[in-house]
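The sequence and the model are shown first, and the description follows.

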Amino acid sequence: MGALVALSGLTVDFDTGKRMVRALHGVDLSVARGEAVGLVGESGSGKSVTWLAVLGLLGGRARIGGSVLLDGTELVGAPVRVLEAVRGKRIAMIFQDPASSLNPVHRIGRQIGEALALHRGLTGAAARAETLRLLDRVGIPAAARRLDDYPHQLSGGQNQRVMIAMALAGEPDLLIADEPTTALDATIQAQILALLGELRRDGNMAMVLISHDLGVVAENCDRVAVMYAGRIVEEASAERLFGAPQHPYTQGLLDALPDLDGPRRRLAAIPGTVPEPTRLPPGCAFAPRCPRAEAACAAAVPAFRMLTPGHRAACLKPAPYGATVRERAVA
Amino acid sequence: MLRYLLSRLLRAVLTIAAVVTFAFVVLRLSGDPALLIMSVDAPPEAVEAFRAAWGLDRPVWEQYLRYFVQVAQGNLGQSMRDGRPALTVVMERVPETLALTLPAFAMKLLIGIPAGIYAALNRNRLADRLTMVISVAGFTVPSFVLALILVLIFAVNLGWLPSGGAESWRHAILPVITLGLSGAAILARFTRSAMLEVLGQPYIRAASAKGLPWRRVVTDHALPNAAIPTVTIIGFMVGSLVAGAVVVESVFSWPGVGRLLVVAVSNRDLAIVQTILLLVAMTMVCANLIVDMLYGWIDPRLRTARAAGG
């Protein structure tokens with residue numbers, strides 16, 4: 001089974017006018033057809049930048065390097081026409097804040113119709129019928145009446161459903177959901193995630209779920225990659241990543257979550273903060289905050305190690321979970 | 001929507017009434033009209049007779065009401081210079097002024113808006129910097145200086161165009177350019193910042209992510225949103241169509257409302273000054289009304305708020 005999308009050595013540098021600042025330091029990641037991949041990390045770790053770079057949506061100040069293959073077609077450095085044909089058609093994207101991701105001055109029917117005209121050549125009555133079907137599919141009640149509404153007349157959850165309908169309009173192979181539920185209430189969150197899962201299975205659509213919420217990712221993804229300071233630091237199947245994480249950063253993230261079962265304990269925050277992209281340490285970017293760091297960690301960026309098939313971590317001292325932070329925290 | 005419209009209209013009428021009241025107060029404050037018109041050494045009986053004839057011996061509130069009724073009937077008094085009705089004198093000049101301000105207004109829109117959009121789309125590139133340098137120069141140089149520079153170049157040195165007067169359309173060229181350039185510069189800046197604001201919005205990125213070509217993202221998604229703040233400044237420009245050319249008309253000896261105002265002020269021809277004041281207030285109020293209507297048309301969020309009785 002070949003990868004649908006394969007990122008290798010993907011780098012992004014931003015031209016700040018004075019100098020280039022590297023935001024992404026060579027990301028390797030692949031997504032198979034129909035697969036759900038989670039991308040986890042704190043804000044600024046490069047999760048969104050990775051996929052905006054894939055679609056060429058970072059604007060004129062970003063320099064993108066490395067390679068992105070979509071079914072064998074190189075997207076890095078591809079002409080705008082090629083990228084435009086990929087956006088929305090092969091790879092669609094939905095965003096964190098649905099209310100501001102929809103144009104406030106256009107009716108939602110028109111905004112969905114725009115994508116239908118673009119990717120499927122539908123106009124007029126046919127487009128209207130298909131828009132209705134899509135709105136219905138994403139669970140908007142009384143879709144026929146909603147068609148001529150403006151985004152501000154809908155709730156946040158409904159706007160995200162509209163965004164999803166718009167993303168489905170192109171019948172994409174891959175949907176990038178960039179923090180799709182962060183701006184929504186907890187109950188709406190669950191509904192939207194359930195909807196995304198359902199749509200993915202029905203349409204055999206792959207999905208990348210970008211989130212800082214480990215719980216959301218654990219429940220909805222087959223495979224998870226953890227990002228820190230512009231790099232992937234650990235990647236494994238969801239089960240294994242949450243059951244037996246090896247990288248101290250992943251372990252730290254899990255320690256910061258409360259357990260529903262098990263004894264009451266004080267939540268362990270990771271000390272320190274994420275380094276600025278302009279002030280990265282020479283070695284492992286996590287070393288200054290790492291409980292297991294030693295001299296070698298500060299010397300060079302650790303390379304990936306395959307721990308078990310499908311489980312890799314960029315750490316010189318991978319260790320089983322539980323032996324370190326958690327036991328200390330409980331004690 | 002109708003309720004909203006009526007409330008706006010009522011507000012417009014109130015604004016005009018306030019201006020009329022203000023004009024009345026100013027007129028009274030500026031001295032005893034009887035003494036102003038008659039000479040100071042006029043016999044007291046004559047002054048009294050004058051007061052009785054013009055109702056100046058009545059209580060102030062009665063004078064105020066009378067004055068109000070007169071204004072409402074379009075009677076704004078007589079020009080002290082030739083005794084003709086003030087309204088007639090002023091209205092004669094309005095077409096002259098519009099002959100300058102309307103083409104200048106078109107020039108502002110046709111140059112200012114495209115320049116602003118172009119600059120925003122090329123942010124921080126040479127094209128943007130150049131446009132903005134010209135724009136800053138355009139609106140920081142006072143219009144009388146710009147007028148004199150244009151006269152110096154095109155009238156004095158090159159001799160292509162007349163330096164003043166209003167005999168032919170060729171006389172209008174320099175004043176129109178003077179008015180148009182500074183307005184275009186202001187509009188370019190406004191349009192640019194409105195566009196930059198909009199281009200940074202998430203829905204622009206979302207529209208690109210949908211697969212829309214950049215050109216269509218700009219025309220279908222960015223421009224309609226950037227139009228909202230730009231309409232405000234265009235509204236101001238509409239409001240100044242009647243009296244926005246005072247300086248330029250003076251420099252180019254153009255017989256419009258602005259020049260009439262300057263002459264009337266220096267002659268203390270109060271009826272004329274007051275008429276122009278009211279006319280300016282009316283155009284401003286009308287322009288505001290138009291802008292409000294446009295907002296509702298462009299921005300569906302406002303429409304909903306208004307339908308809800310906001």
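From the N terminus on, the elements of chain B follow the order α-α-α-α-α-α-α-α-α-α-α-α-α-α. The model is a predicted one, and in it chain B has 14 helices and zero strands. The C-alpha atoms of this chain occupy a box of roughly 85 × 60 × 25 Å along the principal axes. Its radius of gyration is 24 Å, whereas a compact globule of 310 residues would have a value near 19 Å. Of the 310 residues in chain B, 35% are buried. When contacts between residues at least 6 apart in sequence are considered, 71% of those in chain B join residues at least 24 apart.

Phe105(B) is part of helix H5 (residues 86-121) of chain B. Because 21 other C-beta atoms lie within 10 Å, Phe105(B) is buried. Apart from its neighbours within four places in sequence, Phe105(B) is in contact with Met237(B) and Leu241(B). Gln70(B) is 35 residues from Phe105(B) in sequence, and the two C-alpha atoms are 34 Å apart in space.

Attention now turns to chain A and the confidence of its prediction. The mean pLDDT of chain A is 89, and 95% of its residues reach 70 or more. Over residues 324-331 of chain A, however, pLDDT stays under 50; the model has 18 contacts beyond four places in sequence for this stretch.

Strand E9 (residues 223-228) of chain A is mostly covered, six of its six residues being buried. The cover extends to both faces of E9(A): Arg223(A), Ala225(A) and Met227(A) are buried on one side, and Val224(A), Val226(A) and Tyr228(A) on the other. The pairings of this strand are set out below.

| Partner of E9(A) | Sense | Bridges | Residue pair |
|---|---|---|---|
| Strand E10 (residues 231-237) of chain A | antiparallel | six bridges | Glu234(A) as bridge partner of Val226(A) |

E9(A) and E10(A) form a hairpin with two residues between the strands, and there Ala229(A) takes a positive phi near 50°. Ala229(A) shows this positive phi although it is not a glycine. Its position is the loop between E9 and E10 of chain A. Ala229(A) is buried, because 23 other C-beta atoms lie within 10 Å.

Glu179(A) is found in the loop between strand E7 (174-178) and helix H8 (186-203) of chain A. Is Glu179(A) buried or exposed? Glu179(A) has 20 other C-beta atoms within 10 Å and is therefore buried.

Helix H11 (residues 248-255) of chain A has seven of its eight residues buried, so this helix is largely enclosed by the rest of the structure. The buried residues in H11(A) are Pro248(A), Tyr249(A), Thr250(A), Gln251(A), Gly252(A), Leu253(A) and Asp255(A).

The largest nonpolar core has 156 residues, of which Met93(A), Ala165(A), Leu174(A) and Val208(A) touch the most other members. Helix H8 (residues 170-199) of chain B provides the largest share of this core, with 13 residues. For Val208(A), the contacts that remain once its neighbours within four places in sequence are left aside are Val31(A), Val37(A), Leu39(A), Trp51(A), Leu174(A), Ile176(A) and Ala177(A).

Finally, the two chains meet at an interface. Here 24 residues of chain A are in contact with 20 residues of chain B. On the side of chain A that touches chain B, the elements giving two or more residues are helix H3 (98-101) and helix H4 (108-120) of chain A. H4(A) gives the most to this side, namely four residues. By class, the side of chain A that touches chain B consists of eleven nonpolar, eight polar and five charged residues.

Technical notes: Residues are numbered from 1 along each chain as its sequence is written. Chains are lettered from A and ligands numbered from 1 in the order in which they are written. This is a predicted model: local features need pLDDT of at least 70, side-chain atom pairs count only at pLDDT 80 or more; totals for chains, interfaces and linings use all residues. Two residues are in contact if their C-beta atoms, placed from the backbone, lie within 7 Å. Ala, Val, Leu, Ile, Met, Phe, Trp, Tyr, Cys and Pro count as nonpolar, Asp, Glu, Lys and Arg as charged, and the others, Gly among them, as polar. pLDDT is the predictor's confidence in each residue, from 0 to 100. A residue is buried if 20 or more other C-beta atoms lie within 10 Å of its own, exposed if 12 or fewer, and partly exposed in between; C-beta atoms are placed from the backbone. Two strands pair if DSSP finds at least two bridges between them. The radius of gyration is taken over C-alpha atoms; the globule rule is 2.2 Å times the number of residues to the power 0.38. A nonpolar core is a set of buried Ala, Val, Leu, Ile, Met, Phe, Trp, Tyr and Cys residues joined through C-beta atoms within 7 Å.
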